[in-house]
Amino acid sequence: MPLLSVDELSVTFTAKGRKDSTAVDGVSFDVDQGQVVGLVGESGCGKSVTSLALMGLLPAKGVRVGGRAEFDGTDLLKLGPAKIRDMRGRHLAMIFQDPLSSLNPVVPIGVQVTEILQRHRGLKGEAARKEAAQLLDRVGIPDPARRLKEYPHQLSGGMRQRALIAMAVACAPRLLIADEPTTALDVTIQAQILELLKELVDQEGTALLMITHDLGVVAGLCDEVNVLYAGKAVETAGRRELFAHPTHPYAHGLLGSIPRLDAPRGEPLNPIRGSINDKIAWADGCAFAPRCDHYTLECLTGTPELTEPRTAGHQVRCVNPVLPPVRPAAEVPA
Amino acid sequence: MSLLELDNLKVHFPIRKGILFDRTVGHVYAVDGVSLKVEAGQTYGLVGESGCGKTTLGRAVLRLVDVTEGEVVFDGTDLAKLDEEAMRRFRRRLQMVFQDPLGSLNPRQNIESILAEGMAAHGIGADQAERREKIKAILAKVGLPANALSRYPHEFSGGQRQRIGIARALVLEPDVIICDEPVSALDVSIQAQVVNLLEELQESLGLTYLVIAHDLAVVRHISDVIGVMYLGSLVEEAPSDALYEGPRHPYTKALMSAVPVPDPDLEDRRERILLHGDLPSPANPPTGCRFHTRCPWVQETRCATDRPELTDTGDGHRVACHWTAEIEAGTLARTRATGVEAVTETAAVAEEPAVADVVREEDDKAVADAQPGLPVPGVAAGAPASDASTAVPRPAEAPADERSPSTEGGGKR
C-alpha cells in the first residue's frame, strides 16, 4: 500500500457573486516510501493548490475540497485543524518556493528551527539548540551555531532554502512536499539543493512530492511524473517513459518548447500557441483543445478519460494522442 | 569594427554611511572591467547568476546607471562621455526590453499611448495618425491584435505584455536591443513563443541583440556569442556552440553541469560539478581570481593573488583562468570535492574567503587524498580517479554503462 494515496482530489474556490473556480479537478496519484513523484505544469495548473490541500493549508472559508487523500490509512482531508497540526511537521512537511517569505523575518533562525523540535519532539533548551545545530549541519549550513542566532535576511538565498529544508526534516517526516523548492535560486545553488533532496530521499527513505514547472528538474529527480493542465492530470508516466514518449499533445508541446542546452543551434522552438487563458471547461471537452494542434470535434464531447494508449502505467487523457514517437530518442552529444 | 564595443567598463556603486556626514565607506564592484564586442546583426548573450553584474552592465550601456570608468563605443561614439541630451538622442538607436513586463508598463497608459510616447520624444512620425499607422504595423509584427491599441497592460497575459515591451522598443527603429531577462517571467510554452519572435524580428529587421539572462539554455538557443560573467567580470567568452561543447573556465563548467536537461538518461549520466557555498559579496570581492574561493581546481599559487586576464585560447574562445591549459590537458587534479559532499560538508564559509579559505582548501585536500575515488554524482562509484580530473560537464562516457539496474529503477544516483 502506498504511503500517500490521493484519489480524485478537487479544490474549488467559491466567492459570493462570482462563478466558482475549480483549481484542482479530480487529481489522483500515489506516493511510495522513498519515491519521488513530480507534479508538473505551468502557472495556474493547480499544482500548488494540490499541495496546500494535502497539508491542510487552504483557508477554511470559501474553499470546497473533495476526494480523498489517504496518508498511512488516515484521510488527510477529513482531519480537524488540531489533528492536521499534529501531522504537519511531524509526518508531513513542506518546503516552499520563496524561502524569504516563508521564514519569519523578525525571529532568529534558531528559534524557528527549535520551535518545531519543541512542538513535536518535546526537546527543550540546550538539547533543542544542539539538535537544531545538527540539523543545520546536516543540510550543509556552515558554522551552524552562529547561524542559529542570525535572522533570515542575513542568510543568502541558498542558505535560507537549506534552513527551510532543515526545518522540514527536523522530525524525520515520512512525506516531504517541495513546492518549487529551487525556482528562486540560481542554477549552481539549485544543483546543490537538488543533490541534498536526493540524498535525503536515498538515506532516510522519505517520500518526496516534487512540485515544479521545470522539466529539467523532473528529468533528474522524479520517479513518477504527473503532468497537470487546468486542474487535471493529462499524462502520468515514469520519467523515462514520459520523456522518451510524451503522448499528450500538451506534454509533447512542453518538451518541444524548451530550449535545450544540448540541442543544435538554429532550429526554431515549437511553442504551444495561445496561453493558459484559452481554455474550455473540462465538462465541455478537453481544456487544452483550443491550443492543441491535434484537436478534432471529438475533443469537444465531454471530458476525455485517462487511457493507456502506449504502455501499461502510462496514462494519457486525450482522444487524439501523439502516438508515433515524434521525438527521436535522445542523442548524446559527443 | 563592431557595432557596440565595451572597453574596460566599470560600474561601482558607493556604499554610504552616516546622515549628517555622508561618507563613502566602500564600493559595490557591480561591473569591474568588462571588455566585449557585439557585432552588427548578431546576438551577444550574457549569462551569470544573480549578483554577477549582468543587468548593471546592460543598464550602463544605455547610461541608465553612471559609468565609473571605461568606454561604451557605439557606432564610433563613446556613449560614456556624452552629455545627457546627446545620450537621450542616442537612446533611439539603443532600446531595452525589461524582465518584468507588467512592472515596466505604466498601468494607467493604454498601449497606444505607451508606444507613441517614445516616438513623440524622438520625433518619429509627423502626427498622431501617422504614428498610429506605424504602431499598428509593429503590433502586427509582434503578433498582437490591432484592437490592443486602446487597451491597458492589465488586460493582457504575460506573454502578450512582453510582446508590448518588444513593440515599444521596435517603434523607434533601434539598431541594438538590450533584452534583460526577456523570458524569465514567462511560462515555458510562452517563453518559446517570445524567443521565436525575437529571432524572427532579428532576421527581418537586422537587429543586434545583447541578451542578458540567467537561463543558459535560452541564451545558448538565441546567441551567436556568449559571455559568462562572475562577480562583475567576464570569465569566459566564446561562440555559442564552442562554449557548450567545451567550456574551459571552471565556473562555466560548473554552471553548465548544473543546468537541468529534460532528458532522464542524460541527467543520470552526466557529471555534476557542485560548487561550494554561495557567491561572495560584490562589495568585498575575493582577491586574485574572483572565483578562487569556490573553484574546484584552485591552486596554491597565483589564484588568490593574480587576477587573470581574459585571454584568447584559440578560435575566439577567451578565458580568464591561469590554469586553462593544464585543466584542459587534465594534468591538474581537482583540489575540492564537487559531489554531494560539497553540499553537505560545512567546513566551508563562503562569506569569509580570506580566513576560511585556507582551512577549507586544506580540509578538502585531505579528503581528496584520503579517498582518491570520491564518488561524484553521475559517475558510478569506483570509477577511476583520473576520470574525475579530466571529465568535463558533458555526459561522461565510461560510467554510463556501469549504472546498475537497481539505481536505475529507483531513480536515484
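Two strands count as paired when DSSP finds at least two bridges between them, and strands (E, at least two residues) and helices (H or I, at least four) are DSSP runs numbered from the N terminus. This is a predicted model, in which local features need pLDDT of at least 70, side-chain atom pairs count only at pLDDT 80 or more, and totals for chains, interfaces and linings use all residues. Residues are numbered from 1 along each chain as its sequence is written, with chains lettered from A and ligands numbered from 1 in the order in which they are written.

**View 1. Here are two paired strands of chain A.** Strand E3 (residues 36-40) of chain A runs parallel to strand E8 (residues 207-212) of chain A, joined over five bridges. Look for Gly38(A), whose bridge partner in E8(A) is Met210(A).

View 2. Eight strands of chain A form an open sheet with mixed pairing, in the order E6-E7-E8-E3-E9-E10-E12-E11. Strands E6 (92-95) and E11 (306-307) of chain A have a single partner strand each, so one side of each lacks a neighbour in the sheet.

**View 3. Next come the helices lying across the strands.** Helix H7 (residues 157-168) of chain A lies across E6 and E7 of chain A, at about 175° to E6(A). Angles run from 0 to 180 degrees between N-to-C directions, with axes fitted to C-alpha atoms, for helices over the stretch in contact (C-beta atoms, placed from the backbone, within 7 Å).

**View 4. Finally, turn to chain B.** Chain B has 16 helices and twelve strands.

How values were computed. Two residues are in contact if their C-beta atoms, placed from the backbone, lie within 7 Å.
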